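This briefing reviews selected structural features of the entry shown below. Please read it alongside the sequence and coordinates.

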Amino acid sequence: MIRHRLLSILLLLMLLFGWEWVVRATNLSALVVPPPSDVASALWNGLISGYLWPHIWITGATTLLGFLLGCFIGFASGVVLAECEPLRKIVWPYILAMQVVPKLALAPIFIIWFGFGMKPTVVITALICFFPLLENTMTGLQEVSAEKRQLFRMLGANRWQTLIRLKIPSGLPVIMAGVRVAIVLALVGAVVGEFITGRDGLGASIIAAQGMMDSTLIFALLIIITSIGLLFYQLTLIFERWLLRRWSKGKIV
Amino acid sequence: MSINRDFFTIDQVGYSFSGGDKILSGIDWHIPSGSFHCLVGRSGCGKTTLLKLAAGLLLPSEGQIHIEAAPVAGPSQKIGFVFQNPALLDWLSVMDNVLLPISLHRKVNETDRQSAHELLHLVGIADLADRFPAQLSGGQQSRTALARALITSPPALLMDEPFAALDAITREELQDDLLDLVASRDTTVLFVTHDIAEAVYLGDRVAMMDKGRISLNIEIDIQRPRSAACRYGKQFSDICQTIRSAMSRQVVK
């Protein structure tokens with residue numbers, strides 16, 4: 001385990017040194033590919049001077065807000081559609097159509113509706129997170145075995161109890177898998193949403209850096225975005241492990 | 001409760017799927033309180049359907065079923081149902097699984113926990129109360145399911161091949177424990193199985209079902225309490241032979 005960790009760090013160092021060496025040896029313009037050392041110092045300066053922090057906060061907040069909003073609405077709609085079959089049959093074709101529409105293509109109309117800034121980006125992010133939650137919630141709730149449903153009927157459980165005590169708990173692992181997909185998509189949605197709608201945030205900063213032909217800053221921003229993504233993903237994973245701690249008892253993980 | 005009173009009264013019961021396929025027809029069966037009746041038959045002969053009708057999970061298309069003289073109109077709280085699959089909830093401990101029939105309807109109190117503990121002791125898994133289903137063997141899961149069915153002290157048990165997935169030795173142990181439990185509580189049992197020897201060992205009467213009809217219903221005149229020795233007696237094997245040959249005859253024709 002530790003050996004693999006060491007080897008993967010070694011691989012990263014080799015790549016970085018190779019990159020640095022190739023850029024210096026070939027005298028490649030920093031505009032095309034900046035050397036890692038420049039990217040590192042741009043990153044350091046941006047963090048030290050405080051220039052990057054507001055953007056980090058805004059993108060982080062947009063991602064989280066959109067994620068929470070999308071997950072909540074997706075979960076609630078999934079429960080309603082799983083429980084109400086006629087409604088599911090009526091609205092499913094439209095939900096499918098909505099899912100196929102590239103959400104980012106809706107950005108211009110959201111700008112007209114909500115103005116520039118955080119609001120349209122949050123809405124786009126929420127829309128992107130909505131579908132994995134909707135689908136996984138519906139799947140999770142419908143996968144409950146016939147015998148367990150019959151057991152609850154025999155025990156005289158009403159519909160609400162069957163939902164709360166049986167269907168949601170037994171669908172929770174599938175639902176949480178949807179949450180894990182959603183958190184990754186949320187960051188992508190927020191950053192790309194900022195390309196189009198934002199004046200602030202990491203996505204908007206990338207566009208601004210592009211305008212100034214500052215490739216070094218773009219790379220530095222990419223590193224920050226990746227770090228935020230990894231951080232959010234790990235936090236989701238920890239939350240999932242905590243939430244499902246009773247489900248994994250005795251199972252070989 | 002008088003022994004001669006019928007607990008289940010099944011009169012001229014038939015059942016068809018909504019498509020019109022007839023599953024059961026002309027079933028007449030009276031099961032006196034406190035008696036242990038078994039139903040054998042091949043897969044797909046309709047025995048599980050009859051069990052579900054008796055439970056109130058399905059309603060008959062023809063005829064009527066009464067439980068203690070009251071017509072069955074839905075799942076009855078007087079019945080504990082044991083499924084083929086133990087149908088335990090993975091996220092609850094053994095103790096909480098056993099207490100589920102109570103916790104669905106009211107807050108669990110100390111007396112309930114006490115009686116759950118006694119029941120777990122009777123089915124031989126008192127030391128596993130805090131384990132989770134995934135940590136149990138198949139036999140231990142079946143024991144948990146049995147304890148769950150008995151926690152509300154129902155006057156009757158309906159069992160759908162509950163030991164079918166277990167190895168022969170474990171199955172025999174569970175059969176003996178089941179006989180002790182229901183004898184001490186004077187529980188009425190309808191036990192469905194495809195194993196003739198199991199039916200003969202457990203039952204006061206054994207009925208055989210073929211193509212949706214009861215084709216044989218005989219009294220098992222082996223003295224109680226029964227023990228492992230009687231499984232190998234002449235009387236036992238003669239009865240098994242009678243049932244077995246009745247079953248073959250119908251299939252050849």
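The model is predicted.

**Helix packing in chain A**

- Helix 3 (residues 53-83) and helix 6 (residues 118-142) of chain A cross at roughly 35°, and their axes come within 5 Å. The crossing of helix 3 and helix 6 of chain A is right-handed. The residues of this contact comprise 22 nonpolar, eleven polar and no charged.
- Helix 2 (residues 36-49) and helix 10 (residues 215-243) of chain A have axes 8 Å apart and pack at an angle of about 70°. Because angles of 65 to 115 degrees count as roughly perpendicular, helix 2 and helix 10 of chain A are therefore roughly perpendicular to each other.
- On the side of helix 2 of chain A, the contact with helix 10 of chain A involves Asp38(A), Val39(A), Ala42(A), Leu43(A) and Gly46(A). Their counterparts in helix 10 of chain A are Thr216(A), Leu217(A), Phe219(A), Ala220(A) and Ile223(A). By class, this contact has seven nonpolar, two polar and one charged residues.

**Sheet and hairpin in chain B**

- An open sheet in chain B is formed by four strands in the order 2-1-4-5, with antiparallel pairing. Strand 2 (22-32) and strand 5 (70-71) of chain B each have a single partner strand and stand at the edges, so one side of each is left without a neighbour in the sheet.
- Strand 4 (residues 62-67) of chain B pairs with strand 5 of chain B over two bridges, in the antiparallel sense. Ile67(B) has Ala70(B) in strand 5 of chain B as its bridge partner.
- Strand 9 (residues 205-210) and strand 10 (residues 213-219) of chain B pair in the antiparallel sense over six bridges. Asn217(B) in strand 10 of chain B stands opposite Ala207(B). Two residues lie between strand 9 and strand 10 of chain B in this hairpin, and Lys211(B) in the turn has a positive phi of about 45°.

- In helix 2 (residues 94-103) of chain B, the buried residues are Val94(B), Asn97(B), Val98(B), Leu99(B), Leu100(B) and Pro101(B). These buried residues pack against helix 3 (110-122) and helix 4 (138-150) of chain B.
- At the interface, 17 residues of chain B are in contact with 18 residues of chain A. Strand 6 (79-82) and helix 2 of chain B are the elements that give two or more residues to the side of chain B that touches chain A. The residues of that side divide into 13 nonpolar, three polar and one charged.

Notes:
Residues numbered from 1 in each chain as written. Chains lettered and ligands numbered in written order. Predicted model: local features only at pLDDT ≥ 70, side-chain atom pairs only at ≥ 80, totals over all residues. Pairing = 2+ DSSP bridges. Axes fitted to C-alpha atoms, helices over the stretch in contact; angles between N-to-C directions. Left-handed = near helix turned anticlockwise from the far one by under 90°. Nonpolar A, V, L, I, M, F, W, Y, C, P; charged D, E, K, R; others polar. Buried ≥ 20, exposed ≤ 12 C-beta atoms within 10 Å, placed from the backbone. Contact = placed C-beta atoms within 7 Å. Parallel < 35°, antiparallel > 145°, perpendicular 65-115°, else oblique.
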